[in-house]
Amino acid sequence: MNDIVDIVDIAMNNIVDIDLLGTGDPGCIPALEDPLTGRRKLRIKPFGRSSGPEAAIIGGTVSSVLGNLTEQNRRDVANSLEYATHVAHQKTREDEGYERFWEEYMDCLFRIGWDKTRNEWSNLSLVDTTSDIQTFCDYVTDNIRKDPLYTQEEKDLIIQGLEIIRSQTSKQEFFRRFTVRKSRGTLGICTASVENDVLKLRFSAFMFSCDADVEDFIVTSIAYITFDAKKGIVGARADQCTIDRLRAQIEEELEQASGDYINEFDI
């Protein structure tokens with residue numbers, strides 16, 4: 001790819017250039033005005049509030065970073081996940097399932113500075129879960145607990161994030177916007193870490209197809225719902241030269257985008 005504008009022309013050709021004003025707040029980046037209130041919204045920085053482990057909601061994904069990430073690492077991870085979320089939502093429709101969403105999401109990610117190291121998809125079954133599974137959130141949590149893909153520290157961060165969503169109505173409502181399409185749903189997990197001086201991402205992308213419309217894929221009981229579940233495991237490593245080259249352009253596009261994709265956790 002010669003320039004990230006090539007992606008933007010395809011995915012976001014309806015965006016209008018706006019003369020953005022600075023906010024003076026180092027924790028936020030200016031974004032478009034809120035179409036409902038007319039006030040300028042702030043693009044939230046999901047990571048960087050501490051130098052330790054952190055977690056946040058970015059679109060339909062619960063994302064975590066470990067303490068060995070630098071401030072720049074955290075910024076690059078946040079930019080990449082937010083941008084991939086934005087592009088994938090621009091290029092898919094509400095009446096579609098989430099298979100194409102994740103295809104567009106990963107395709108975007110691999111074009112903006114991340115090299116694919118793993119990409120595997122499989123069908124899941126309730127047979128392999130424990131007996132106390134009651135909700136879709138329980139289903140995902142049970143799967144993550146047993147997944148050797150993640151360290152215990154990463155599992156603790158992600159599961160704590162899921163529990164916060166489950167217990168707070170405002171976060172459920174925010175998460176629902178990105179994870180429910182009538183009878184089909186998705187829930188993403190992403191962890192970022194530095195290994196041997198290389199920034200890496202690991203994803204678990206869960207997709208559900210149900211026999212009835214579902215209001216919420218966090219607290220809805222699965223007792224009376226028949227569903228098929230699929231899981232994607234994706235790994236990526238940073239091509240730091242490409243990320244450095246595209247950083248300013250990605251941030252400029254995100255400043256112009258009207259999407260509100262980030263919600264923070266106090267962990």
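This is a predicted model: local features need pLDDT of at least 70, side-chain atom pairs count only at pLDDT 80 or more; totals for chains, interfaces and linings use all residues.
**Exercise 1. Which residues of α4 are buried?**

Welcome! Residues are numbered from 1 along each chain as its sequence is written, and side-chain values use heavy atoms, with hydrogens and water left out.

*Step 1.* Settle the terms. Buried means under 20% relative accessible area, exposed means over 50%, and partly exposed lies in between (1.4 Å probe, protein chains only). Helices (H or I, at least four residues) and strands (E, at least two) are DSSP runs, numbered from the N terminus.

*Step 2.* Go along the helix. In α4, the buried residues are Phe136, Cys137, Asp138, Tyr139, Val140, Thr141, Asp142, Asn143 and Ile144.

*Step 3.* Draw the conclusion. Nine of the ten residues of α4 are buried, so the helix is largely enclosed by the rest of the structure.

*Step 4.* Look for the cover. The elements over the buried residues of α4 include β5 (114-124), α5, β7 (184-195), β8 and β9 (227-238); contact here means heavy atoms within 4.5 Å.

**Exercise 2. Find the salt bridge partner of Arg166, and say where both residues lie.**

*Step 1.* Recall the rule: a salt bridge is a side-chain nitrogen of Lys or Arg within 4 Å of a carboxyl oxygen of Asp or Glu. The structure holds 19 salt bridges.

*Step 2.* Name the partner. Arg166 forms a salt bridge with Asp138, and the closest N and O atoms are 2.8 Å apart.

*Step 3.* Arg166 is in helix α5 and Asp138 in helix α4 (residues 136-145), so the pair, 28 residues apart, links distant parts of the chain.

*Step 4.* Arg166 is partly exposed, with a relative accessible area of 23%, whereas Asp138 is buried, at 15%.

**Exercise 3. How do helix α5 and helix α6 pack?**

*Step 1.* Read the geometry. Helix α5 (residues 152-167) and helix α6 (residues 169-179) pack at an angle of about 105°, and their axes are 5 Å apart. Axes are lines fitted to C-alpha atoms, for helices over the stretch in contact, and angles run from 0 to 180 degrees between N-to-C directions.

*Step 2.* Under 35 degrees counts as roughly parallel, over 145 as roughly antiparallel, 65 to 115 as roughly perpendicular, and the rest as oblique. α5 and α6 are therefore roughly perpendicular to each other.

*Step 3.* Name the residues that meet. From α5 come Ile164, Ile165, Arg166 and Ser167, and from α6 come Thr169, Lys171, Gln172 and Phe175.

**Exercise 4. Explain what the salt bridge of Arg74 and Glu54 ties together.**

*Step 1.* Note the distance: the two side chains meet at 2.6 Å, N to O.

*Step 2.* Locate the partners. Arg74 lies in helix α2 (residues 71-90) and Glu54 in strand β3 (residues 54-58), so the pair ties together parts that are 20 residues apart in sequence.

*Step 3.* Check the accessibility. Arg74 is buried, with a relative accessible area of 2%, and Glu54 is buried, with 4%.

**Exercise 5. Which residues touch the most other members of the largest nonpolar core?**

*Step 1.* Define the core: a set of buried Ala, Val, Leu, Ile, Met, Phe, Trp, Tyr and Cys residues joined through side-chain atoms within 4.5 Å.

*Step 2.* Pick out the residues. Of the 71 residues in the core, Val77, Trp114 and Phe208 touch the most other members.

*Step 3.* Find the main contributor. Strand β8 (residues 198-210) gives the most to this core, with eight residues.

*Step 4.* Not counting residues up to four places away in sequence, Val77 touches Phe47, Val65, Leu69, Trp114, Ala192, Leu199 and Leu201.
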